[in-house]
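This briefing is meant to be read with the sequence and the structure side by side. Please look at both before going through the points below.

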Amino acid sequence: MKLFVDGRKITFSKLKKVISKNDEVIWFHCASLGEFEQGRPIIEKLREENPTHKLVLTFFSPSGYEVRKNYKEADVVCYLPLDTKLNAKKFLDIVHPKLAVFVKYEFWPNILRELKKRNIKTILVSGIFRKNQPFFKWYGNWMRKTLQAFNHFFVQDENSETLLKSIGFSNVTVSGDTRFDRVFEITQQNNQLQFIEEFKNNTYTLVAGSTWEDDEKILVEYINNLASENEKFIIAPHNINAKNIEELKASISKKVILFSDKKDKKLQNFQVFIIDTVGILTKIYSYANIAYVGGGFTNTGVHNVLEPATFGVPILIGPNYNKFLEVIDLVNKKACFSVNNSKKLYVLLKKFFQEEQKRKKAGKQALNYVVERTGATTKILYYLKK
């Protein structure tokens, strides 16, 4: 809450230092880090195509801003001011964007009304609508009016299109989710990590990403009691504070090394590698033979399964995934497998370790799922060029 409040105190001063009245500005707004990753392919393409424009990136939450406040493709990264009439006018007076892009489902009535009043081109990308939103209720007329600010809606699915059309909006394109473009682009970059290659040493490796305590408990039981010496494990915990990392390390009976302790060590001699840093998990997934994605035993649900999917590896998760369409799809395609107890996990881990063909088949299904859903960015850029 302190970051949320204090960060907004400097929004206007940050903008004034960088944006002048003669600048041509493109403004992107994201609620948090997940929405940023959805907007990122479009941000980077527009930056490439409009090198003289200024690019402003705003966040609502600290979890997005704190991670991406130094994002090099934006000229200014700041918090979105609170949605009052005065703030909306002041913000748009300073930024005066020629294009405003909102990602997924951020709808701020005062800002949207001011954008419409100023006739600023405004689009929604990777949008998703659900019938329980106020736009689709009998009392939601005032919120429906705010949607008139959007020149076009690019939505993820046909259900969203149907809902928008039911309240009179026909300026809708089902473009899909730009996250698929983002994760597929990752496979085209250099994902080499020399220290991971040294640790893996051409050995079958499970990469467990964004793990919580419940995930780690069942994984460690397998590592300690059932894993063969020909299986290696890389664990990248969600929480990397020193106490949690030390407790995790102490719970493992096999030879284990921390990322922070790797210097001058013969990494190939260790069986478990704990990644007590951030920012490299995506690259690490490229070395996985199988992935475990954490969060499925928490109330918030499983973390990002698309990052390992794009590298064509089967994915294991906990039981809480029903809020995430892509996870449901991958489970139905038998590319992702949900477990609710240690016994089920152990059966799958042994199966994929021993049966290479089944592992490769599941991995191919995961990759195909990602590839078939790319292209949203191209559709959006085509519209903007018209």
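Leaving aside its neighbours within four places in sequence, which residues is Ile274 in contact with? In this predicted model, the residues in contact with Ile274 are Ile235, Pro237, Ile245, Leu248, Lys249, Ile252, Val256, Ile257, Leu258 and Phe259, once those neighbours are set aside.

**Ile274 and its setting**

- Ile274 has its place in strand β11, which covers residues 272–274.
- Ile274 counts as buried because its relative accessibility is 0%, and the cut-off for being buried is under 20%.

**The nonpolar cores**

- In soluble globular proteins, nonpolar side chains tend to be buried together.
- The largest nonpolar core in this model has 41 residues, and the members that touch the most other members are Ile196, Phe273, Ile275, Ile317 and Leu330.
- If neighbours within four places in sequence are left aside, Ile317 is in contact with Tyr292, Val293, Val302, Val305, Val327, Val331, Cys336, Phe337, Ser338 and Val339.
- There is also a second, separate core of 35 residues, and Val56, Ala100, Phe102 and Leu163 are included in this second core.

**The second largest pocket**

- The volume of the second largest pocket is about 330 Å³.
- This pocket is lined by 14 residues, of which Trp212, Glu213, Glu216, Asn244 and Glu247 are the closest to its centre.
- Two elements, α11 (213–225) and α12 (242–251), are those that give two or more residues to the lining of the second largest pocket, and α12 provides the largest share, with five residues.
- Sorted by class, the lining of the second largest pocket is made up of five nonpolar, five polar and four charged residues.

**The cysteines**

- How many disulfides does the structure hold? The structure holds zero disulfides.
- For Cys30, the closest cysteine sulfur is that of Cys78, and because the two sulfurs are 12 Å apart, they are too far from each other for a bond; the cut-off for a disulfide is within 2.5 Å.
- Cys30 counts as buried, because its relative accessibility is 0%.
- Cys336, which is among the contacts of Ile317, also counts as buried, because its relative accessibility is 1%.

How values were computed
Residues are numbered from 1 along each chain as its sequence is written. This is a predicted model: local features need pLDDT of at least 70, side-chain atom pairs count only at pLDDT 80 or more; totals for chains, interfaces and linings use all residues. Side-chain values use heavy atoms; hydrogens and water are left out. A nonpolar core is a set of buried Ala, Val, Leu, Ile, Met, Phe, Trp, Tyr and Cys residues joined through side-chain atoms within 4.5 Å. Buried means under 20% relative accessible area, exposed over 50%, partly exposed in between (1.4 Å probe, protein chains only). Contact means heavy atoms within 4.5 Å. On a 1 Å grid over the protein atoms alone, a cavity is a set of points where a 1.4 Å probe fits but cannot get out, and a pocket is an open set with protein on both sides within 12 Å along at least five of seven lines; lining residues have an atom within 4 Å of a point. Grid points are joined across faces, edges and corners, and a volume is the space filled by probe spheres set on the points. Helices (H or I, at least four residues) and strands (E, at least two) are DSSP runs, numbered from the N terminus. Ala, Val, Leu, Ile, Met, Phe, Trp, Tyr, Cys and Pro count as nonpolar, Asp, Glu, Lys and Arg as charged, and the others, Gly among them, as polar.
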